[in-house]
Amino acid sequence: MARRNFKVLYVSGEGSPFIRVSSLADYMASFPQALEEEGFEARIMMPKYGIINDRKFRLHDVLRLSDIEVPLKDKTDLLHIKVTALPSSKIQTYFLYNEKYFKRHGLFSDISLGGDHKGSAERLIFFSVGVMETLVRLGWQPDIIHCHDWHAGLVALLAKTRYAKHDFFKKVKIVQTIHNVYRQGIFQSKVFQKHLDAEVFDALEKDGDMVNLLATGIKHADLVTTTSDRYARQIVDDPELSFGMDKALQACGERFHGILNGMDTRQWNPSADKLIKKRYSAEQPELKLEDKKILLEEAGLPFAEETPVVGVIASFDAYQGAELVRESIAKLLELDIQLIVFGSGDKEFDQALKETAEENEEKMAFRPEFTDAFYHQMIAGLDILLMTSRIEACGMMQMFAQNYGTVPVAYAGGGIVDTIEEVSGDKGTGFIFTDYTPEALTAKLREALALFADKERWSALMLECMSRDFSWSASAEQYAELYRKLLG
């Protein structure tokens, strides 16, 4: 008898290439495809933010999915659906839209504003109830709803309370994945009390008059995962690393698993990448130099073949390295490097980096506005990727970098060390610093620069990076096994 093709809905607040804030977006771009290859039928739902370009991504309206009623406690609003396929796949991606909630360009939160947007809790409630109502209208009955980060924590609760008695959802199982444990979706409870029935509101995880949506998702999920086994152990054992989520995770017991991220080796492949100007491979690594020239030109920096180009890519907040970058800039600019910082933080951070780049226009460039094309060109054109995140459950950027022969220098936060082998002698693929200080960062970067000066050894290091297998294959098998066990 053929194995049943189980159906899985992925719910996320972001997804590449449509909108990217963190590595969750990169995960959503590839993980559902990997699970389809394991025999699961995958679909995705996420908000249709105003910043998402309909024409660019070929989003189109679906007549039978218009004017979906979203019943809240105090009112009923209408939802409209736009749909497209996830690039390089046939996976249907549904965008939930209501002009009042999502026309503005921001997401649920904004680093530049220092936190959550006003009204984000109400938007989140509308989106979560909208996911459930859209599924009913769509008539596509998932076996699993896989919720990602705090944006989808309320979906887990709705499935176990208000919608549990609905025939459509009686057998559905819930998986909650933690990508960023320090982003927990904490809001005042009065908004939830206003818009949600007592059954749902009473089941929310609260601390005083504050609701915690990540904790809510963890409590009500049938299965909880995070993106590396090492990180899973850390956040169960250490209240500081778990940002207070350790007790909730300990209560999960056997329900909690850590599975290492993989990556889409078709999308992130220097020999086939349509977003970089010059394609290359392990057989022609010297062509990477052309991407370095192009990157410097796009960044407005002069080209010097012997000068290593170091890049930092992040959405800079307290946990993604804003302070470490700011405190390290002066030391970095003393080195014989060219530095490109790609990504933005709060207004003060952006202004400080802008001024520093203007004062060092031959050595540093600052690009705050994110584009997929420049992101790929950075990964291809850099010599060294500097990763400054204090906490990284696993991340994927260091995998992309190694696949392109770009050597990572990273802080050993979370599961990052599961995907970078520390350079020692003739072995290794990158450099890891264990003290979260400008001095430790600079010292480790100096080690990498000393190796860069040895062209033969650096070429061997690049090839070693490019030889590593970061495909989803092994991780997808582990998820498939967990899914099937969950479904009996």
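Is G395 buried or exposed? In this predicted model, G395 has a relative accessibility of 5%, so it counts as buried, given that the cut-off for buried is under 20%. As for its place in the chain, G395 sits in the loop that runs between strand β19 (384-387) and helix α16 (397-403). Setting aside neighbours within four places in sequence, G395 touches S23 and N261. E359, by contrast, is 36 residues from G395 in sequence, and the two C-alpha atoms are 32 Å apart in space.

The UniProt record, an unreviewed entry, puts the feature "domain: Glycosyl transferase family" at residues 301-452.

Next come the cysteines. The structure has zero disulfides. Take C394: its sulfur has its closest cysteine sulfur in C465, at 16 Å, which is too far for a bond, because a disulfide needs the two sulfur atoms within 2.5 Å. Looking from the other end, the closest cysteine sulfur to C465 is the one in C394, again at 16 Å and too far for a bond. C394 is buried, with a relative accessible area of 0%, and C465 is buried as well, also at 0%.

What about the nonpolar interior? In soluble globular proteins, nonpolar side chains tend to be buried together. Here, the largest nonpolar core has 135 residues, and the members that touch the most others are V131, I145, L154, F192 and Y483. Helix α4 (residues 120-138) gives this core its largest share, 10 residues. Both domain 1 (6-262 + 472-487) and domain 2 (285-467) supply at least three residues each to this core. To zoom in on one member, F192 is in contact with A121, I125, F187, F201, L204, V211 and L213, leaving out neighbours within four places in sequence. There is also a second, separate core of 39 residues, with L339, A357, A440 and L451 among them.

Finally, how far can the picture be trusted? The protein averages a pLDDT of 91, and 96% of the residues score at least 70. Confidence is highest in strand β9 (residues 144-148), at a mean of 98, and lowest in strand β8 (residues 115-116), at 45. Over residues 110-117, pLDDT stays under 50, though the model has 23 contacts beyond four places in sequence for them. Where pLDDT is low, the predicted coordinates should not be read in detail.

Technical notes. Residues numbered from 1 in each chain as written. Predicted model: local features only at pLDDT ≥ 70, side-chain atom pairs only at ≥ 80, totals over all residues. Heavy atoms only, no water. Helix = DSSP H or I, 4+ residues; strand = E, 2+ residues; numbered from the N terminus. Buried < 20%, exposed > 50% of the residue type's maximum accessible area, 1.4 Å probe, protein only. Contact = heavy atoms within 4.5 Å. UniProt positions renumbered as here; feature names shortened; annotations may be inferred. pLDDT = per-residue confidence, 0-100. Core = buried A, V, L, I, M, F, W, Y, C linked by side-chain atoms within 4.5 Å. Domains from an automatic or database assignment.
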